[in-house]
Amino acid sequence: MGTWDSGPFDNDTAADWCGDLDDADVVKRPVLVREALSRATGEDGYLDADIACETIAAAAIVAAQQPGGQPITSPYAPDFLRDGGRLDLPDDLAVIAVRALDRIMAADSEWRDLWQDATAGDANPAFDAVYGLLRQPPIAS
């Protein structure tokens, strides 16, 4: 996994998924977001880091699309969403996004293990990024 920073879009897997979302037909985009979130929530075993990376990107998109959500500005996010772009998403995706992020932060998550091993001490910017998504009022309610 090529990772250059701790944000939701700052790794090869998330950037590739965002490219696929960008290239998808506008009608299929909400389906792709739902599928990314559902892969994490549906995994009973050890959660693969690539699934987690796609899920975190999808959850960040869901959070940004909620009323009051933070605009997406990452150059690695889908082009159509940068700087306040919109995607019409079903309301239930906010609840699924919270469950998916909780799953990623569980003990049996490769993404969590990798970031825990990569950081020393209390500071963990990747964990902070996920917790920041969970704390945003749009998906925390």
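Trainee: At what angle do helix 2 and helix 4 pack, and how far apart are their axes?

Mentor: Helix 2, residues 29-41, and helix 4, residues 93-104, pack at an angle of about 35°, and their axes are 8 Å apart. Axes here are lines fitted to C-alpha atoms, for helices over the stretch in contact, and angles run from 0 to 180 degrees between N-to-C directions. Helices are DSSP runs of H or I with at least four residues, numbered from the N terminus.

Trainee: What should I keep in mind about the model itself?

Mentor: This is a predicted model, in which local features need pLDDT of at least 70 and side-chain atom pairs count only at pLDDT 80 or more, while totals for chains, interfaces and linings use all residues. Residues are numbered from 1 along each chain as its sequence is written, and side-chain values use heavy atoms, with hydrogens and water left out.

Trainee: Back to the helices: is the crossing of helix 2 and helix 4 left-handed or right-handed?

Mentor: The crossing of helix 2 and helix 4 is left-handed, a term used if the near helix is turned anticlockwise from the far one by less than a right angle. On the helix 2 side the contact is made by Pro30, Val33, Arg34, Leu37, Ala40 and Thr41, and on the helix 4 side by Leu93, Ile96, Ala97, Arg99, Ala100 and Arg103. Contact means heavy atoms within 4.5 Å.

Trainee: Take Ala97 from that list. Is Ala97 buried or exposed?

Mentor: Ala97, which is found in helix 4, is buried, with a relative accessible area of 0%. The cut-offs are under 20% relative accessible area for buried, over 50% for exposed, and partly exposed in between, using a 1.4 Å probe and protein chains only.

Trainee: And which residues is Ala97 in contact with, leaving aside its neighbours within four places in sequence?

Mentor: With those neighbours set aside, Ala97 is in contact with Leu37, Ala59 and Val62. As for C-alpha distances, Ala97 and Leu133 are 9.3 Å apart in space and 36 residues apart in sequence.

Trainee: Switching to charges, how many salt bridges does the count come to?

Mentor: The count comes to 4 salt bridges, where a salt bridge is a side-chain nitrogen of Lys or Arg within 4 Å of a carboxyl oxygen of Asp or Glu. One of them joins Arg39 and Glu54, with the closest N and O atoms 2.7 Å apart. Because Arg39 lies in helix 2 and Glu54 in helix 3 (residues 49-65), this pair ties together parts that are 15 residues apart in sequence.

Trainee: Why does Arg39 count as partly exposed, and what about Glu54?

Mentor: Arg39 counts as partly exposed because its relative accessibility is 35%, whereas Glu54 is buried, with a relative accessible area of 18%.

Trainee: Which side chain does Asp79 meet in a salt bridge?

Mentor: Asp79 meets Arg82, at 2.3 Å from N to O. Asp79 counts as partly exposed at 48% relative accessibility, and Arg82 is also classed as partly exposed, at 26%.

Trainee: Last one, Ser109: where is its place?

Mentor: Ser109 sits in the loop between helix 4 and helix 5 (110-118) and is buried, with a relative accessible area of 0%. Its side chain reaches the backbone nitrogen of Arg112 at 3.3 Å, and a polar atom of that side chain lies 2.8 Å from the backbone oxygen of Ile104. A polar contact is a pair of N or O atoms within 3.5 Å; within protein, one must be able to donate a hydrogen and the other to accept it, and residues adjacent in sequence count only if both atoms are side-chain atoms. Not counting residues up to four places away in sequence, Ser109 touches Tyr46, Leu47, Arg103 and Ile104.

Technical notes: Helices (H or I, at least four residues) and strands (E, at least two) are DSSP runs, numbered from the N terminus.
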